[in-house]
Amino acid sequence: MASNADSALVEHTSLGRLPILEAMRNPALHGMGYQPPFSQLELGINLQHQSQAFVPEKGNGYTLPHLKVSTFHPLNGRSTVWGEASYMTGKVHDIKWNSTSDYHLLQPYILADTLGGDTRRERYSVSGGYATSANRWLLGAEMLVRAEQEYRSRDPRMRGIVTDLTLRQGCGYELKRYRLGAAVEGNIYKQTNSVAFYHEEGVIPEYQMTGLGTEYSRFSGDKRSLYYDGGGVAAMLHASPINHNGPYADITLDEHRYHRKLAEYNSMPLTDLYNEHIGATAGWKKEKNARLAVFGHIDYTKRTGNEHIGGTSDARYFPVIACLTMYKSHLLDIYAGALYGRGNWHINITAGYREVCEEYVYPHRQMDASHVYGMLQGQCFIRPADQWLLTVDAYASHYANTGDKLQMPLANMDAAFTRLIQHKHQFAAANYTDFGAKLRADYALKQTRYGLFAAVGGGMTHCSVREHQTALHCSIGITF
């Protein structure tokens, strides 16, 4: 016989929740997304190793233990609270050409050197939300906070300290057989970033990177203290049938900007990065004897970078005399999929097209890559005994190159920058095959609401340039 904790686990981790995941960014709908209370304390570790770094700025692997507690708790028939707190620490291995934290947010405008090395990473994060309903109205709010530091204890001694705050407010309205939702989000981001050398005879230049192997030469070299500030806003709309049968759709629009400033010269602005994103999903779902959903999704991200031109220095102050748009990129991801489930198992299949294009205006540089891909996911819940529940997840995917382009002024490029760009293009244009599985075992303690669990999972990625990646996740914990 299934315990309440087991029933909640199935609801909270089921692959069948895939059609409503995007709507969960709206805190008003998040509170209505699933009803069983569920809390979990987890101690785990994530390991990854690449035979050669796919993206040098991200390193070739990591060892990251973590501790996390999360809860979702309906207070009564119409109100819900949820929250999560986590701590992660560990090491990222062999980062090259990057001395800035949050590369995925701030690239290409980072501080970089040719030496690199392992970094230590430490992250604290906390989030919490509340949702309630009144008649046909749904209301909710959520806050997410992240504090992180990344550093290296040997030359070049990089250090990045990040604070990241996000606030969300949402509402919903039940109109006949449909639930409509709208939400807004605001984000504030800051990072202080520096590199120090303790052995003066070993000092190497730090480059102010500006994209596709270019650097702001005037302020590269010994200018090693920066800070970033920025943030953004987002808006989300969603519509889905209350009885889970019929068409559904959601759309997300967001814009974020990040300003890089040179701390040594009265906060002189160096670059501005503008990220604009739109994501939209439309589909149809049915839940009666079985769970069925078909859907299509489009995701488009545009990145635009401006460089500030400094005038003549006056008492360590550089006036900005011009601003030029020099870097442009876009990412397009389109896919269609179908989900089917019956009882305690689900299967999801997805096929799509992905395109990444980067351009630097002058001297002109361009790097493009596009792929078609397919992905298969499966999940099964197995109950070998009354107190035991096994969750088995598996996936496989393949990305096949459909075209790529590299245009660079190689004759005028430094050899180190040339090697970097050729490496990045080689891996961006490669074919990838990815597969993996995860097994989780839950044991419900008799006559209590507590349970124990252990999970282990792993995966492997094969790359057509004869390199590979392995990943492993292990965790133990308590559910209640």
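**Entry 1: the nonpolar patch**

I began with the strands behind a surface patch. β1 (38-50), β2 (61-74) and β21 (467-479) each supply at least two residues of this nonpolar patch. I am working from a predicted model. I listed the patch members: Leu41, Leu43, Leu67, Val69, Leu445, Tyr450, Leu452, Ile476, Ile478 and Phe480. Together they have about 790 Å² of accessible area.

I then picked out Leu445. I found Leu445 in the loop between β19 and β20 (451-463). Its relative accessible area is 33%, so I noted Leu445 as partly exposed.

**Entry 2: Tyr432**

I went to strand β19 next. The strand covers residues 432-444, and Tyr432 lies in it. Is Tyr432 buried or exposed? I read a relative accessible area of 17% for Tyr432. The cut-off for buried is under 20%, so Tyr432 counts as buried.

I looked up what Tyr432 touches. Leaving out residues up to four places away in sequence, I noted contacts with Phe54, Ser397, His398, Tyr399, Phe427, Thr461, His462 and Cys463. Tyr399 and Tyr432 are 33 residues apart along the chain, yet their C-alpha atoms are separated by 5.0 Å.

I followed the pairing of β6. Strand β5 (residues 117-134) and strand β6 (residues 137-151) run antiparallel, joined by 15 bridges.

How many bridges join β6 to strand β7 (residues 157-175)? I noted 15, and this pair also runs antiparallel.

Strands of a sheet pair through backbone hydrogen bonds, either parallel or antiparallel.

**Entry 3: the three-stranded sheet**

I finished with an open sheet. Its three strands come in the order β4-β9-β10, and the pairing is antiparallel. I marked β4 (111-112) and β10 (214-215) as the edge strands, since each pairs on one side only. Which strand pairs with β4 over two bridges? I noted strand β9 (residues 207-211), in the antiparallel sense. I looked up Ala112 as well: its bridge partner in β9 is Tyr207.

Note on methods. Residues are numbered from 1 along each chain as its sequence is written. This is a predicted model: local features need pLDDT of at least 70, side-chain atom pairs count only at pLDDT 80 or more; totals for chains, interfaces and linings use all residues. Side-chain values use heavy atoms; hydrogens and water are left out. Helices (H or I, at least four residues) and strands (E, at least two) are DSSP runs, numbered from the N terminus. Buried means under 20% relative accessible area, exposed over 50%, partly exposed in between (1.4 Å probe, protein chains only). Contact means heavy atoms within 4.5 Å. Patches are made of residues with over 30% relative accessible area and no salt bridge: like charges are joined within 9 Å, nonpolar side chains (Val, Leu, Ile, Met, Phe, Trp, Tyr) within 5 Å. Accessible areas come from the Shrake-Rupley method with a 1.4 Å probe; for residues, only the protein chains shown count as cover. A salt bridge is a side-chain nitrogen of Lys or Arg within 4 Å of a carboxyl oxygen of Asp or Glu. Two strands pair if DSSP finds at least two bridges between them.
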